[in-house]
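This report describes selected local features of the structure shown below.

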Amino acid sequence: MIGRIEPIAINRVQISLRSQSEITSRDFLFERTGGLLVGSLLMVSFFSLVVAVFIRDRTFFLYSAWLVTSLRIAAYNGDWDPYWLDIPLSGEPLQLFLRLTYIAHSLISLALFEALFGKELQSAKLGKPIKFLQLATVAMFVPAIFLEANHSIKLLWALSGGTILAVFFVLSMLSIRAPSRALAWYFGSWVITLTGSIAQIAFSMGFWREILNIANSQITSVGSALMLGVTLAQRMNAERQARISAQHSAVSALQRFRENYNAMPVGIFSMKQDGTLIEHNPTFADMFPSNGRRNSKIGLNWVDLMGSDALKAVEELAASDRMMDTELAVQRTDGKRRWFHVRAVRKADRYEGWIEEITARKEAEGQLKFLVDHDSLTGLLNRRGFEIHLQTAIGSAGNRQICLAYVDLDRFKLVNDLFGHAAGDQILRQMATRMREVIRPPNVAARVGGDEFVVIIDGTSLDSAKALCEKLRIDLSDRAYQYQDKAFNVTASIGLIRVLDNMRPADALTASDRACSEAKASGGSTVVSYDSSSSELLNYLDEIKLVAGMKERLPVENFFTQLQPIVSLRNPASSLCYEVLIRMRDTNGQVLPPGRFIPAAERNGLMTQIDRWVLRSTLEWLDSQPEHRSNVDFCTLNLSGASLNDEKFLQDTIALIRAHPESTRKVCFEITESVALYDLNTTRRFVDRVKSFGAMVALDDFGAGYTSFSYLKELPGDLVKIDGNFIRDVNLNRANFAITRAVVDLAHELGMGCVAEWAENAGIVRSLIELQVDYAQGYGVCRPLDRERLLAVPNAATLIRDQETADLILGSAIASRDASHRITLPI
């Protein structure tokens, strides 16, 4: 008999007496069970270790270690492995090694759990409990080493129970939140482990020894290892499926990228740092056809396609930290340039970028820039380009002479009216072509209006410039212009000036326009030139200074008013009427004639301001002289065409007459026929508004136009002022006498009074009395006077200086005059 003491659990030993045959039988059993278990599990563990090394996967390494620790615990619990790898251990060292192995097994199990389901733990926010269990397990090494076996084993059981409960809680939560096949198999592995642990603890505490025949360490270790292996297999299969799906997605994405790459409307390329192309899309190849064919450019050099300057630009501008963005030009064989927009970035061994041809855009931009300063129809400079060019020429002239010619086609409007604008445009194109043939650099031609052109003649005397203009006139006028099957003979008038120092382009243009107008007035198809001493040019320069002064001191410092009496031919002793006339002083205090400053003000847009000032000053003066105002029958004020067609002026006028109601009833606005008929609706609206406030309206220069009777019919005036051209020759021209009689009779029939202008002598006054005209105005009656002179007179007749005229007028005031013909005036 042989006695044997052997451990049957971590905390229990067994004393047995066995015969030699029984010992031999148990050794055989160990070889069949324990050897098979050890060999198979060690082989699986070694295989897992090899896999972990090759694929560098931490999970397989942990699985290998987990198998080794499981094998060690199962071997001791199964009573067939007193030695571990032929290392003899017994007594307390053996017990310590067992406890340490158990702790390591728990720690590895938790680490393997985290490795298998780390993503799920993080998404379910369950990673912290596992971390806590790992720390608690690590902490168990201290009592396992320093405490007695009985005490340390109790702590181990407590830890095992808490770990198992925590793991099952986490597994349950994961099964609800992120169920999977791998998780189910892993859950089963822990169920088997739990079963084995419960059985071992029950046996260690003395309960039910036969339970080890059903759920001993060997069975649970193998079962747990198998299920954990299936878990790994499921995990690997899931990862494999994910990789396959990712590969399919990557292939699909790559296919889409390739399709997009090939379909991109811009050229995409990669090239080595020496410019050798290594890849490009079809659009890139289409940009650079070789021998008329669009084929692969791989292997070609960037220099061959774009030139050395383009490669140098890429080398200088491209960097690894920023994208190069530039425009490059390539010279074509036909002399034109191709433009490309290039963006590229430098990589470690190559350049990558894209290229887009922008030749059409650059040509369009060039065309737009051209049209900014050039006329789209003729290709000549437009007004803006002309002014810039002329300003540059004047600024850089030095001692050179600059001349400016203004070219206007004679009767060109007839071509447009009779044959349409297409014919007119064709003539203008042909005219521009002829001008280019004559006008050579440094001279420049420009189109500044419909059929109006200018020529800047640089560095030439006025005589030479006139000879050039004469040649231009002949070339433009002597040859017919062709349009379809028609030929047009169109002549040109040219005005030429020498541009003086510091003359503005606009002033030079206006001066040359005046010279051209003189050429047209003389019959057309001629050249009129102004030199620096020409009276016409000097007058224009004076006008420029005059307008500048008017703008600086408008209106109070420059202007004042005079009053010209209008004498009643029916009741001169009790009538006081006059016309308010604008006058101007120059900087020296000299009074300028109206014919000099009024046209200048009209041409330069100043008449509206002047009319506004005259109206305001007249109303304010009448308000300041109430006694004089009560004696006045009416006072007339002229309105210019610019004022009557200015909505702002009309609003200001209504505001002024609202502010001066008493004086407004003495005011009579004079409106000429040409002004009224320019916009008859606006004129009628103005007349109705001012008459509603008690003002009067006079139709001025009646008879000067061609539609006077329509004009008389359309506007409800109070007075008709007969044009002075009829009155001045009323005694010399029977037609004028008859026309005047007809106008007077018509006005009286319409209930309007008549005023005859230009009554220059007693003979004209006598005829006016005979024709029953109501009022006379002119130098033969009275010249314009200062306002103060009229404050002291009761009527206008007392101001007549010619005795014969005074006698005629006073003698005509007899009771036989038909009172019904008198105008009814407000008091």
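**Terms and basis**

A residue is called buried under 20% relative accessible area, exposed over 50%, and partly exposed in between (1.4 Å probe, protein chains only). Helices (H or I, at least four residues) and strands (E, at least two) are DSSP runs, numbered from the N terminus.

The model is predicted: local features need pLDDT of at least 70, side-chain atom pairs count only at pLDDT 80 or more, and totals for chains, interfaces and linings use all residues. Residues are numbered from 1 along each chain as its sequence is written, and side-chain values use heavy atoms, with hydrogens and water left out.

**Helix 5**

The face of helix 5 turned away from its buried side carries the exposed residues Lys128, Phe132 and Leu135. Its buried residues are Gly127, Ile130, Leu133, Gln134 and Thr137. An α-helix has 3.6 residues a turn, so residues three or four places apart point the same way.

**Nonpolar surface patch**

Phe46, Leu49, Val53, Phe54, Ile55 and Phe61 make a nonpolar surface patch of about 670 Å². Patch residues have over 30% relative accessible area and no salt bridge; like charges are joined within 9 Å, nonpolar side chains (Val, Leu, Ile, Met, Phe, Trp, Tyr) within 5 Å. A salt bridge is a side-chain nitrogen of Lys or Arg within 4 Å of a carboxyl oxygen of Asp or Glu. Accessible areas come from the Shrake-Rupley method with a 1.4 Å probe; for residues, only the protein chains shown count as cover.

Helix 1 (residues 20-55) gives the most to this patch, with five residues. Leu49 lies in helix 1 and is partly exposed, at 31% relative accessible area.
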